[in-house]
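Keep the sequence and the 3D view open while you read.

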Amino acid sequence: MSEDRNYAEAESICPFCGVGCGIAYDERTGKATGWRAPVNRRGEVCPKGVAAFDQVGHEERLTTPLVREGGRLVPATWDEAFDRIESEFGRVRREHGPDAAFFFASSNCTNEENYVLQKGARAFGTNNVDNCARLCHSSTVAAMRARFGAGAMTNSLDDLTEADAFLVVGANPAEQHPVIFRSYFVPALKSGTEMIHVDPRSNATTDGASVHLPVRPGYDIPLLNAIAKVIVAEGLADDSFVDERVEGFEEFVSFLDGVDVEAAAELAGVDPSDLREAAKLYGEADAAAVFTGMGMSQHHCGTDNVHALLNLALLTGNVGRPGTGVNPLRGQNNVQGAGDVGALPNLLPGYRDVTDGEARATVAEEWGFEPPARPGLTEVEATHEFGDDVRAAYVFGENPAVTEPNANAVRERFEAAEFVVVHDIFPTETAELADVVLPGSSWAEKAGTVTNTDRQVMRMRPNADLPGDARPDLDILRELGDRLTDADFDYDGPEAVFDELTRVTPIYEGMTYDGIGTESQRWPFSADDGEGVAVLHADRFATGSKTAELRPVEHVEPADPVTDDELVLTTGRVIQQFNSGAVTRRSDTLVRMRPEDALQIHPDDAARRDIADGDDVVVANARGEVSVAAAVTPAVRPGTVFLTFHYANPLVNELTGDALDPTAKIPEYKHSAVRVTVEGEA
Ligand SMILES: Nc1nc2c(c(=O)[nH]1)N[C@H]1C(S)=C(S)[C@@H](COP(=O)(O)OP(=O)(O)OC[C@H]3O[C@@H](n4cnc5c(=O)[nH]c(N)nc54)[C@H](O)[C@@H]3O)O[C@H]1N2
Ligand SMILES: Nc1nc2c(c(=O)[nH]1)N[C@H]1C(S)=C(S)[C@@H](COP(=O)(O)OP(=O)(O)OC[C@H]3O[C@@H](n4cnc5c(=O)[nH]c(N)nc54)[C@H](O)[C@@H]3O)O[C@H]1N2
Ligand code: SF4
Ligand SMILES: [Mo]
């Protein structure tokens, strides 16, 4: 912790995951401590939360703007940096039109910041704005919006503890949502809730499961269809719910006629009797809740995966009641909010389509200009266009050089772009590719609101002053709006922005800063009772209809075919690191917990390749090659290897492919064909 900074003990929200724990500075330890906040009611936090101040006073913080001169990034004044941004974005718009610019919003940043950035993009004349919800749960949101009318958790953390069964598919909450796991899952499991875990690896979540289905990566659809088949065959469908709230039952049952449980289980790589047991646990429970994560969403059939999952909840009547539903566990502390407030290329604040003239007119009344009607590009699509259709990019609080798939191609694309601005708190791998770098504020130096995974809007308060010439993110984005557009960005701080955004974001209508205080307000909010709706879809789906449809879903083969001598690489996370690692790799305490990455490989696959535990191995395919140590373990299923993507070296995303889901445009991070050899023997 550097000596020259001033710290305060003010209730704020953890900058890492979507659980949204309350944390504040603790003068005694110089670390973060939990306070009794809406989610972590007893003030409990996980190791990342405790380390949240390690980034704040870190010596590598960006403290001055940088501009590229003669190939090098050199210090500049704010005016010099903004003059360059203004003239380059202006030139690109004159020469190529507004759609030649792209704006990366940040799910690590506040609602107010994201709202101002998306408004700025739209005032510039483009819907080319997106956030890394695209890489995360965009497929989940696409499927859930289509069928249920809303893409968020159907239920609240509080009521989910009432479930008799948890079906956790492609998520590892024990490591990725640790406080949800410790404070909501574990007590339920102790009092008899049974958990089914569908994951190609066994990990800390599996330890609490009654049934583990170690699915082959990319084969969740046959597995889920087989579960549906067992549910119907065993008479476990909820007839009265199906009568009242479901359409397409007959067609769905005839689709299931063609599903052979044994064959589907074999295709999915799981034991048919375990699958039947899982189906019975879920189907027989009075209340059963589904949790879904990246193992489902990050496939080029991610939307279809989630469609197959929604069928189970509809068949068994597990929607609209406490302890049920389909619950995507959201990623960063404000990935839910970044989407809510419109940092999406096809949607305005509150999930209204940019193509909807009435929605545009409503927004125009508040903004003084009408946003463009043509949907913009999504994140990965935009990067692919750098140098072609997209000439200039503004990257706010994201590190795509590490986190987008096919990283070697991403690097080339960044180099092909004419002008790139990175607005971050650290000199990231993406900043190395930028023409202008702007030093923003870390979580502890800002005020504003964030929206957590169960739709609770909570307030952040400053715990530290800013380092060097760094400026508050909101001020930087306001100046960006002023410099690039004619619209009004003259807000008197985050509360004024929040006021405005509640007027154009219907699900936030009536919320107030004061009303939130140190509690939360949940969307969809009702000013009448001062509370939001905890359990969605109780009488009607958010589509407005009483019913939702069952939808037959056919299996989709993964994008990368796998030959006999290849293995399937799937990627994911560990508790001590966060996403690109830009922040957590710089934390001494967290790095000590897990210094480097290792390739999880099954003993049979290792033996076949003469790989011993700890050996250096090369993992390669046509896209790239990384060297890592091998961790030989039966925790990962045969034929599959696992790496995290938290490090710039080894840069695992060199290996991942950029095949996109046709609807949600999410990449297939969870299935790549690779060769694994002992280092030096390739
Ligand atoms: N500690 C920590 N916490 C985090 C983050 C972090 O980086 N570190 N990041 C945050 C973010 S942005 C997000 S989006 C969330 C993500 O949270 P999770 O969804 O839990 O994250 P992952 O580890 O990517 O994937 C979950 C599991 O999917 C499994 N899996 C892989 N392929 C498949 C498959 O084909 N099918 C199935 N069923 N499972 C598969 C993996 O083995 C892994 O255990 O976590 C958030 N919380
Ligand atoms: N192989 C593989 N790749 C993946 C995934 C996977 O499972 N496997 N998961 C994908 C998913 S789900 C996600 S969400 C993405 C994450 O992708 P990114 O969003 O690119 O990753 P982060 O590391 O969260 O990047 C956050 C950046 O914001 C900066 N930052 C943090 N706080 C602040 C702040 O307050 N202000 C400003 N201005 N900057 C700040 C950090 O320094 C960092 O550079 O990765 C995706 N990539
Ligand atoms: S569970 Fe998530 S929000 Fe809570 S302290 Fe840990 S990283 Fe932060
Ligand atoms: Mo994410």
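Which residues does the UniProt annotation "domain: 4Fe-4S Mo/W bis-MGD-type" cover? The annotation comes from an unreviewed UniProt entry and covers residues 7–58.

## The model and its annotated span

This is a predicted model. Start with residues 7–58, the span named in the UniProt record.

## Ligand 3

Ligand 3 has these residues around it: Cys 14, Phe 16, Cys 17, Gly 20, Cys 21, Val 45, Cys 46, Lys 48, Gly 49, Pro 178 and Val 179. Two elements each give two or more residues to this shell: helix 1 (47–50) and helix 7 (178–190).

By class, eight residues of the shell around ligand 3 are nonpolar. Two are polar and one is charged.

## Ligand 1

Next comes ligand 1. It has 35 residues around it. The nearest are Asp 199, Asp 220, Arg 573, Gln 577 and Asn 579. By class, the shell around ligand 1 holds twelve nonpolar, 16 polar and seven charged residues.

Several polar atoms of the protein can be located beside ligand 1. A polar backbone atom of Gln 176 is 2.8 Å from a nitrogen atom of ligand 1. Val 198 also uses its backbone: one of its N or O atoms lies 3.2 Å from a nitrogen atom of the ligand. Lys 670 uses its side chain, where an N or O atom is 2.8 Å from an oxygen atom of ligand 1. How much of the accessible area of ligand 1 does the protein cover? On its own, ligand 1 has 910 Å² of accessible area, and the protein covers 100% of that. The space that ligand 1 takes is the second largest cavity. Helix 6 (173–176), helix 13 (294–297) and strand 25 (567–572) are the elements that give two or more residues to the shell around ligand 1.

## Ligand 2

Where does ligand 2 sit? Ligand 2 sits in the largest cavity. The elements with two or more residues in its shell are helix 18 (400–403) and strand 17 (419–424). In total, 34 residues surround ligand 2. Asn 399, Thr 403, Asp 424, Ser 580 and Asn 653 are the closest. The shell around ligand 2 divides into 13 nonpolar, 15 polar and six charged residues.

In Asn 108, a polar side-chain atom is 3.3 Å from an oxygen atom of ligand 2. In Gln 298, a side-chain N or O atom lies 3.1 Å from an oxygen atom of the ligand. In Asp 424, a polar side-chain atom is 2.6 Å from an oxygen atom of ligand 2. Ligand 2 has 910 Å² of accessible area on its own, and the protein covers 97% of it.

## Backbone details in loops

Which residues does the cis peptide bond with omega of about -5° join? That bond links Trp 523 and Pro 524. Pro 524 is in the loop between strand 21 (521–522) and strand 22 (525–526). Another cis peptide bond runs from Asn 649 to Pro 650, and its omega is near 0°. Pro 650 belongs to the loop between strand 29 (640–644) and strand 30 (672–678).

Tyr 351 is not a glycine, yet it has a positive phi of about 65°. Find Tyr 351 in the loop between strand 14 (347–348) and strand 15 (352–353).

Definitions and conventions:
Residues numbered from 1 in each chain as written. Chains lettered and ligands numbered in written order. Predicted model: local features only at pLDDT ≥ 70, side-chain atom pairs only at ≥ 80, totals over all residues. Heavy atoms only, no water. UniProt positions renumbered as here; feature names shortened; annotations may be inferred. Near = heavy atom within 4 Å. Polar contact = N/O pair within 3.5 Å; in protein donor to acceptor, adjacent residues only side chain to side chain. Areas by Shrake-Rupley, 256 points an atom, 1.4 Å probe, with all protein chains shown as cover. 1 Å grid on protein atoms, 1.4 Å probe; cavity = no way out; pocket = protein on both sides within 12 Å on 5 of 7 lines; lining within 4 Å. Sits in = over half its atoms within 2 Å of the grid points. Helix = DSSP H or I, 4+ residues; strand = E, 2+ residues; numbered from the N terminus. Nonpolar A, V, L, I, M, F, W, Y, C, P; charged D, E, K, R; others polar.
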